[in-house]
Amino acid sequence: MSDFLKVSRDGDVAIVIIDNPPVNALSFHVREPLMQALVELRDDPSVAAIVIACADRTFVAGADITEFGKPVQQPELRAIVATLEIIAKPTIAAIHGTALGGGLELALGCHFRVTDAGAKLGLPEVKLGLLPGGGGTVRLPRLVGAVKALKMIVSGAPIGAEEAHATGLVDAVFEGDLTTHVVNFAREIARKGGPFTPVRDRDEGLKATDLAAFDTEAADLAKKARGLEAPIACAQAVRNAVTLHFDEALAAERALFVKLVASDQSRAQRHLFFAEREAAKIPGKDFIKRRIARVGVIGAGTMGGGIAMAFANGGYPVTLLETSQEALLRGLATIDKNYAVSVTRGSLTEDAKRQRLARFTGSTDYADLADCDLIVEAVFEDMTVKKEVFGRLEAAAKPGAILATNTSYLDINEISASTSRPQDVLGLHFFSPANVMKLLEIVRAEKTAPDALAAVVDLARRIGKVAVVVGVCHGFVGNRMLAARGAESEALLLEGATPRQVDQAFTDFGWPMGPFQMGDLAGLDIGWRNRKARGQTAVIADTLCEQGRFGQKTGRGYYLYEAGARTAVPDPEVEALIRDKAAEKGIAPRAVGAEEIIERTLYPLVNEGARILEEGIAARASDIDVVWVNGYGFPVGKGGPMFWAGLEGAAKIIERLEYWHQRTGRQVFKPAPLLKRMAETGSWEAGE
Ligand code: 3H9
């Protein structure tokens, strides 16, 4: 019927096959022939049952996200589902791969849903700052119950075929060839005869919903929304499904969808969806990447252990190397303990734990790294130590093995120049805890070979990381910008802000925590050590450390912490210390507002991002956004610093940077030329 949709017949069963690579999204060029096919099959007396299936790797993975924000082209998904669900003949969705968003909503328009064993079903719209807009919030609760639907829609997390079957979302799960099974299934139900009840009329269970329990659950979920509108709208829409008539609830869902799709938050989250996928693309990647089957990790401390776990979790055998048997056993014991915690929490089965542990081989001999295709060092952050490790690797690693450093700051060009195989050297900057944090900065040194780079980008995806390729500079993208963000921290305190006020301005902005709470969590001694190594000082932070106040781990830092607790309690002693230090410097305290706090921390963050782009350390502005959202907690609803700069207005940012530059003379406020160009053209890419 069209390039994107075919109809085939198996006797009196018609099979509609959507074929819109890569994920069979419901683009306009699918919706149009789909509507036409459904009408024709509905009216064709020789058709007894209609199956909707998809070609290639997946069932429909949703609406076409690229169409959002553009004028809507008819027929809309809502109209297709409305037509589909009142067809008198049995209709069956045959699901393999993922039925997500609009894909699941299409399936909910059918009388029956059948899947293969590996299928996943969900409504992930919330992750795009949306709610399901094709009737999902009204139909899903009719099958799985209001509370289960609430959880699925507010989390956006898909469920597997078995669970979908158990909850009533799916009618049958088949092993083996899905097409053969679904045709038999369709023929059998057509033979038995109707009437076939559409999902819209299956509301017996909904009537029994305990609204008080629902509201408690919804309130719990709302607490976690942290300023995001979509989760709240999702919960409201599911509640409407319980309290309103079907058509009224549909209309209310539509109104919420229209509002959200035009919101800055949804634009930001859609930007991030594409940004994450874009970041994994390396220009000129058309070459055969090196094969990575086995990984070596040097150092079994917190970082090395976490990195090794990340690889083992992704299915890779890992050789873990330490300097002594004792350190090795300690590292392996910590790994064992971490997995045991996951088992206790219920996020890992005993069996999976055993499988993961079986992937580890411990060693104290560099010669045991000879069969590794990638070796990551996570030893002490010191150039001499790193070079020594790379020296030993030259002798131990096989030709073509990729040699990676997990340094956070050191010059990888210098490390690579110290070896005879600089083409094999690159940076893999994991974030702590490395087995949990999604972000991976992949640092391309001057001489890194493209096939080595491509191999680790691919590997990152396989172990579930969000990878961003960056260039060499002090702190790479993330930590370099973090330094710019933190440059004014001390000044803000000395001029009159309290740690609590600064942190509050951050959490009000949408960050999970502010810079001082974050410092206390990470350990203030780390920054202290770095400053000492670089001959730098920070009067308040240094004094806190001199007093043994390293943050949460010592129970005292910028804040006080009750034994074992994470709640930060303001400490009058710290506030007195700040006042004393300000007085020593002759600074009279004044009121510092939230706006000033944002201007003096986040505007320099954006400014440094612009410099990083100018220097080519990041390839795209959106790569910087991916780093900040996934590695540093920049609020997703604001899309990352570079996207947010567009919302905030580059001209306004420049004006305020210039103001602070004039007032303080500090470089961090000097507007970057690219920021100025952004203000003129509205795009970071302009002029390139
Ligand atoms: C929705 O349905 C709203 C409705 O309720 C209401 C409507 C009125 N559209 O992720 P991958 C592209 S909202 C357009 O690397 P994987 C993606 O950009 C939607 N493009 O593959 C990439 O392009 P490129 C609700 C899409 O195998 C390529 O496909 N649905 C879409 O790792 C491959 O993607 C969702 O939110 C799309 N919907 O994972 C599901 N989806 O190659 C979103 C993907 O040029 N999608 N692309 O970079 C996913 O979660 C994953 O893509 C999926 C496959 C799990 C399906």
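Tutor: Lys6 stands opposite Ile17, a residue of strand E2. The model is a predicted one, in which local features require pLDDT of at least 70, side-chain atom pairs count only at pLDDT 80 or more, and totals for chains, interfaces and linings use all residues. Residues are numbered from 1 along each chain as its sequence is written, and side-chain values use heavy atoms, leaving out hydrogens and water.

Strand E2 (residues 13-18) runs antiparallel to E1, to which six bridges join it; two strands pair if DSSP finds at least two bridges between them. Helices (H or I, at least four residues) and strands (E, at least two) are DSSP runs, numbered from the N terminus.

Both strands belong to an open, six-stranded sheet of mixed pairing, ordered E1-E2-E3-E4-E6-E9. Its edges are E1 (5-10) and E9 (172-174), each pairing on one side only. Neighbouring strands are turned against each other by 25 degrees on average, direction ignored. Helix H1 (residues 28-43) packs on this sheet, touching E1, E2 and strand E3 (49-54), and its direction makes about 30 degrees with that of E1. Contact means heavy atoms within 4.5 Å; axes are lines fitted to C-alpha atoms, for helices over the stretch in contact, with angles from 0 to 180 degrees between N-to-C directions.

Turning to the cores, the largest nonpolar one has 93 residues, and Leu675 and Trp684 are among those with the most contacts inside it. Helix H26 (residues 594-614) contributes its largest share, nine residues. A second, separate core of 67 residues includes Leu34, Ile50, Leu77 and Ala107. Such a core is a set of buried Ala, Val, Leu, Ile, Met, Phe, Trp, Tyr and Cys residues joined through side-chain atoms within 4.5 Å, where buried means under 20% relative accessible area (1.4 Å probe, protein chains only).

Key:
Buried < 20%, exposed > 50% of the residue type's maximum accessible area, 1.4 Å probe, protein only.
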